[in-house]
Amino acid sequence: MITIDNNYLKEQIASHLGKQLLYSEETYGMLCVETTKESIISLLQFLKEHSELQMSFLTTMCGIHYPDHKGKELGVTYHLHSLVNNIRVRVKIFFSEHDCVVPTATTLFDTANWMEREAFDFYGIKFEGHPNLKRILNVEHMNYHPLRKEYPLEDATRTDKDDHFFGR
Amino acid sequence: MNDIANIPNNNKAAKGGDSKESISGEFTTLNLGPTHPATHGIFQNILQMDGERIHSTEQTIGYIHRAFEKLAERRPYNQITPITDRLNYCSSPINNIGWQLTVEKLIQADIPKRVDYMRVIIMELARIADHIICNSVIGVDTGAMTGFLYIFQWREKIYELYEEACGTRLTTNVGRIGGFERDFSPTFHTKLKQFIKDFPQGLQEFSNLLERNRIFMDRVINCGPISAERALAYGFTGPNLRAAGVDYDVRVMNPYCSYNDFDFTIPLGTQGDTYDRFMVRQQEMWESLKIIKAAYENLPEGKYHADLPDFYLPPKDQVYHNMEALIYHFKIVMGETKMPAGEVYHSVEGGNGELGYYLVSDGGRTPYRLHFRRPCFIYYQAYPEMIKGALLSDAILTMSSMNVIAGELDA
């Protein structure tokens with residue numbers, strides 16, 4: 001009988017990914033691994049179809065933007081959950097904002113459809129092979145991706161406010 | 001949006017259409033929404049109708065998108081609680097407390113048992129209120145107005161309880177990071193005792209009107225079914241998943257707020273149709289009431305908030321007379337509290353499913369990234385599949401039984 005815990009999960013992921021496992025860490029009880037966008041689908045498929053782990057539930061996925069990480073500005077975070085073993089994992093990929101084409105996960109999870117559309121809408125991440133990749137929450141004629149860090153929440157042209165004293 | 005213009009009227013059933021079913025091989029485009037009175041919210045569905053049957057559906061969402069995830073990147077942690085109110089506004093206390101739990105997980109706070117129990121009481125009241133709205137509206141959509149009118153007085157009682165606990169009714173902003181802003185008042189205790197005593201009768205009355213009503217059953221059984229397998233593929237959670245027969249409940253699987261202290265069952269359906277969803281919610285209300293009763297009877301003594309001077313506002317009288325209290329007050333109000341850097345995912349069982357918060361902190365005053373896992377955003381995409389081949393009136397019922405809340409859908 002194998003105990004399915006974060007260590008076992010990490011071993012399995014490491015043996016599957018090999019050198020493609022760029023980083024792994026356990027924070028707040030959840031294992032977090034980073035891989036490349038080339039091997040993300042094979043990893044998701046491996047976790048989904050693994051006979052012991054059975055991580056077949058895609059809880060959520062979302063984009064993230066780190067403008068200072070050169071060459072790895074944009075990222076996608078997947079949260080997988082095994083309802084059988086009650087174990088979760090967070091898988092991340094990072095890539096350049098000039099080459100933000102990622103293979104779609106809709107082939108594995110139907111639920112990834114809208115999640116990917118959301119990540120496309122807010123971060124401009126293009127999911128290759130997505131059946132219907134268009135904006136989902138914002139209007140279609142919008143010409144930018146609002147959750148990227150270069151779009152400040154407040155009007156950047158405002159000069160009447162000086163937030164300097166409040167550490168902003 | 002451009003979709004409306006792109007879909008030609010009466011287009012030939014060439015693209016993916018099954019012309020054998022269609023008498024003339026033509027479809028009628030029907031625009032359901034965005035402000036249709038029967039959809040209870042701003043949802044647009046462009047239906048391709050084959051006679052009376054729905055052939056395909058094109059969904060448009062985002063009409064009340066308010067960019068909460070972006071807003072959250074500019075707000076200190078305690079100012080994000082009111083944003084979460086506006087997600088699933090039928091059960092906002094669950095959203096508030098879920099967010100507070102996420103932050104408490106990030107700062108690894110030690111929360112007193114009393115706070116846990118108080119939160120459980122408030123959250124289960126919210127679940128009852130949420131299910132009351134959903135189930136009574138299913139009744140309304142089948143033409144049964146009576147149940148709705150009678151059971152809504154219990155929702156009103158719950159809102160009065162919220163009012164006693166935090167001063168507001170719909171968008172509650174209840175509690176703070178670390179606990180509650182005040183202890184339950186004597187009026188709260190009186191009203192809660194009255195509620196525990198009287199609600200069973202009210203719920204029973206509603207059950208008697210609908211649960212075994214032949215007309216209602218004939219109307220909702222086999223309406224908008226989904227199999228367990230498809231429900232899981234679509235990321236269903238909450239009552240909708242349980243109606244399909246999967247016993248996934250965050251309260252049981254990953255207990256938070258001392259939920260493991262309470263004895264309750266997870267009601268399950270079998271075929272995931274409107275009737276099962278309705279019945280699962282009905283049973284959950286009984287279970288919630290049981291939890292409230294147990295939590296209230298065993299409400300531990302102690303403080304109603306954790307000892308977190310960096311996050312929990314000091315009492316006002318101390319702010320005026322005590323220097324430390326004044327400093328902490330200023331720091332909290334101005335959002336200058338130091339946060340640990342890290343990433344947290346925390347989820348709670350919301351009114352309609354697993355409500356998750358993925359929080360990335362870089363140690364700044366605001367979250368670096370906050371993503372809400374909104375259950376209905378995720379499961380609403382299964383709607384076209386669920387209503388394919390159904391009648392238009394079934395589509396309305398399916399939507400109301402899925403408990404799609406526009407505020408949560410569009411975030």
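Colleague: How many residues of chain A are in contact with chain B, and how many of chain B with chain A?
Modeller: In this predicted model, 47 residues of chain A touch 47 residues of chain B, where contact means heavy atoms within 4.5 Å.

Colleague: What conventions apply here?
Modeller: Residues are numbered from 1 along each chain as its sequence is written, and chains are lettered from A and ligands numbered from 1 in the order in which they are written. Local features need pLDDT of at least 70 and side-chain atom pairs pLDDT 80 or more, while totals for chains, interfaces and linings use all residues; side-chain values use heavy atoms, with hydrogens and water left out.

Colleague: What area do chain A and chain B bury between them?
Modeller: About 4,200 Å², with 56% of it on carbon and sulfur atoms. Buried area is the accessible area (1.4 Å probe) that two parts lose on being put together, summed over both.

Colleague: Which three residues of chain A supply more of its buried area than any other three?
Modeller: They are A:Y28, A:W114 and A:L137, which supply 19% of the area that chain A buries against chain B.

Colleague: Where is A:Y28 found?
Modeller: A:Y28 sits in the loop between β1 (23-27) and β2 (30-35) of chain A. Helices (H or I, at least four residues) and strands (E, at least two) are DSSP runs, numbered from the N terminus. A:Y28 has a positive phi of about 45°, although it is not a glycine.

Colleague: Turning to chain B, which residue other than glycine has phi near 60°?
Modeller: B:N403 has that positive value. B:N403 lies in the loop between α17 (392-402) and α18 (406-410) of chain B, and is buried, with a relative accessible area of 6%.

Colleague: What does the secondary structure of chain B come to?
Modeller: Chain B has 18 helices and 6 strands. Of its 411 residues, 59% are buried.

Technical notes:
Buried means under 20% relative accessible area, exposed over 50%, partly exposed in between (1.4 Å probe, protein chains only).
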